[in-house]
Amino acid sequence: MCPQCEFFYAKETSPMYMAKSKTVFVCNECGYESSKWLGKCPACNSWNSFYEQKVVETKSKGISQSDGKIATPQALNSYEAKETIRTHTGFNELDRVLGGGLVKGSLVLLGGEPGIGKSTLILQICDKIKGDGKVLYVSGEESAEQIKLRADRLGISNEDILFLGETNIELVNQAIINVNPKLVIIDSIQTMYSEEITAAAGSVSQVREITSQVMRVCKSKGITTIIIGHVTKEGNIAGPRVLEHMVDTVLYLEGERYFSYRILRGVKNRFGSTNEIGMFEMKDKGMCEIDNPSDILISEREDNPSGSCIIATMEGTRPLLVELQALTSQTIFGYPRRTANGIDYNRLTLLIAVLEKKAGLMLNSQDVYLNVVSGLKVNEPAADLGIMMVTASSFKNIPIPKDMIILGEVGLTGEVRRINMIEKRVKEAEKLGFKTCLIPESNKKDLKDNYKLDIIGIKDVNEAMKKIGLK
Ligand code: TYD
Ligand code: MG
């Protein structure tokens, strides 16, 4: 059906037509409804954003229809807030990310790429978690034998862990009600399905329905729930915003699959801050906490390298520290080459032009290679100053101090401009043990807290070069 065409549009959304269909397709981004799935939303133009939703029939008799009951609002002050009861997970790093432990009755979503170690971490938590009651581990991915093998490998032998290999959420809910455990694990949300929805397991409508069903059961009984979800290639848990707004806490486990370090990040937390990260190492006996993460990041780098620096980039609302590397070498003949790996090529040539004109670096006979270590892509202007300083550092063969972090956008006149979310970036640098932070002068007023690291405001490129010792 052509969504542009008036006639069909009117027919599609007419009440008569809606009454017949049991499900409706809703745009994830703007809430536009259609009776058919559409690739592109005609209202907000986003692609692939439609998901199936059940139409719940409501009686439309008027105002007071709920069997004579009347809803009466009360003064907010007349309510008393209950203390949140937290249980320790056995991992200090995880407790910190959660804001002090798992809150009783909360719903936590743990996302991460397949094979990153989610099931391993959760199984370890099942064993270590304090408090009375059973733990119910529901897996739709692995059999009881596989989980037992993993438990043996991790040295876990705990009477309180119950296992259920089931993918039908209605049966799972029944089991939760019967067992009444203190903690429920759903591994993973993408393998579960509800009979009430025709869409395939893992589709947005299924994922949404299952989460709301589990939430209803567990919240009414005060059972803590951890839902495991695999992330898609773009880094979203299937059904991007749908799940994140439903749950209380969203955690992501990140890391390179063939590299043993893992970062646990709080993306949303109704019971704590989201600035915390937890670091783990995947060993042969499962996940181990890392107490001093800065050591690892710094030890990965060369001792005193020229042409290397660390910047803080934002991935959505998440700060991430990445290493930039640059290499300049004499052009043998012809045109100087510029190679940008992980940043925009045009941005690199522009920044080199500013370096030549405003900082007087003669790069017109130099090949410049720039690389973002670990294959990450950095697409934001906040990396500008870092890119320029790392290029200058390689050209002059002078290293940038390794405990320094460089932030700032650079304009065409060489001025260092304000960047967004400065506080999150600086907090991340502080968390990872950096000592000095070069930031745009105009951002200084945004930083209200006291930080453990030296914060230096920079007005232009030349000032930055002098502070680092490149001039
Ligand atoms: P897993 O927890 O199954 O990942 P996910 O649930 O996120 O898909 O982890 C699988 C990987 O972890 C696998 O490659 C093997 C490795 N691993 C260890 O290195 N040490 C261990 O003790 C365990 C149990 C797994
Ligand atoms: Mg798993």
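The paragraphs below walk through a predicted model, from its ligand site to its strands, a helix and some backbone details. In this predicted model, local features need pLDDT of at least 70 and side-chain atom pairs count only at pLDDT 80 or more, while totals for chains, interfaces and linings use all residues. Residues are numbered from 1 along each chain as its sequence is written, chains are lettered from A and ligands numbered from 1 in the order in which they are written, and side-chain values use heavy atoms, with hydrogens and water left out.

Ligand 1 is surrounded by 16 residues, where a residue counts as near if one of its heavy atoms lies within 4 Å of the molecule. The closest of them are Gly 115, Ser 119, Thr 120, Lys 283 and Gly 286. By class, this shell holds seven charged, five polar and four nonpolar residues; Asp, Glu, Lys and Arg count as charged, Ala, Val, Leu, Ile, Met, Phe, Trp, Tyr, Cys and Pro as nonpolar, and the others, Gly among them, as polar. At least two shell residues come from each of α4 (118-128), α5 (144-154) and β13 (277-283). Helices (H or I, at least four residues) and strands (E, at least two) are DSSP runs numbered from the N terminus.

Arg 150 places a polar side-chain atom 2.8 Å from an oxygen atom of the ligand. Backbone atoms take part too: a polar one of Lys 283 is 2.7 Å from a ligand nitrogen atom, and a polar one of Gly 286 is 2.8 Å from a ligand oxygen atom. On its own, ligand 1 has 560 Å² of accessible area, and the protein covers 76% of this; areas come from the Shrake-Rupley method with a 1.4 Å probe, and for residues only the protein chains shown count as cover.

Attention now turns to strand β10. Seven of the seven residues of β10 (residues 224-230) are buried, so this strand is largely enclosed by the rest of the structure. Buried means under 20% relative accessible area, exposed over 50%, and partly exposed in between (1.4 Å probe, protein chains only). Thr 224, Ile 226, Ile 228 and His 230 are buried on one side of β10, and Thr 225, Ile 227 and Gly 229 on the other. Strands pair if DSSP finds at least two bridges between them. Strand β6 (residues 107-112) runs parallel to β10 and is joined to it by six bridges, with Leu 107 partnered by Thr 225. β9 also pairs with β10 in the parallel sense, over five bridges, and here Ile 186 stands opposite Ile 227. His 230, with a relative accessible area of 18%, makes a side-chain polar contact of 2.6 Å with the side chain of Glu 141.

Elsewhere, three strands form an open antiparallel sheet in the order β2-β1-β3. β2 (33-34) and β3 (50-54) stand at its edges with a single partner strand each, so one side of each is left without a neighbour in the sheet. Five bridges join β1 (residues 23-27) to β3 in the antiparallel sense, and Thr 23 stands opposite Lys 54.

Helix α13 (residues 461-468) has Val 461, Ala 464, Met 465 and Ile 468 as its buried residues. Seen down the helix axis, they fall within an arc of 100°, so they line one face of α13; the arc is that of the directions from the helix axis to the C-beta atoms. At the start of α13, a side-chain oxygen of Asp 460 comes within 3.1 Å of the backbone nitrogen of Asn 462, and just after the helix Gly 469 has a positive phi of about 95°.

Some loops hold backbone details of interest. The peptide bond from Asp 187 to Ser 188 is cis, with omega near -5°, and Ser 188 lies in the loop between β9 (183-187) and α7 (204-221). Asn 397 is not a glycine, yet has a positive phi of about 60°; this residue sits in the loop between α11 (384-396) and β19 (404-406) and is exposed at 57% relative accessibility. Met 421, also not a glycine, has a positive phi of about 45°. Met 421 is found between β21 (416-417) and α12 (422-431), and is partly exposed at 33%.

Note on methods:
A polar contact is a pair of N or O atoms within 3.5 Å; within protein, one must be able to donate a hydrogen and the other to accept it, and residues adjacent in sequence count only if both atoms are side-chain atoms.
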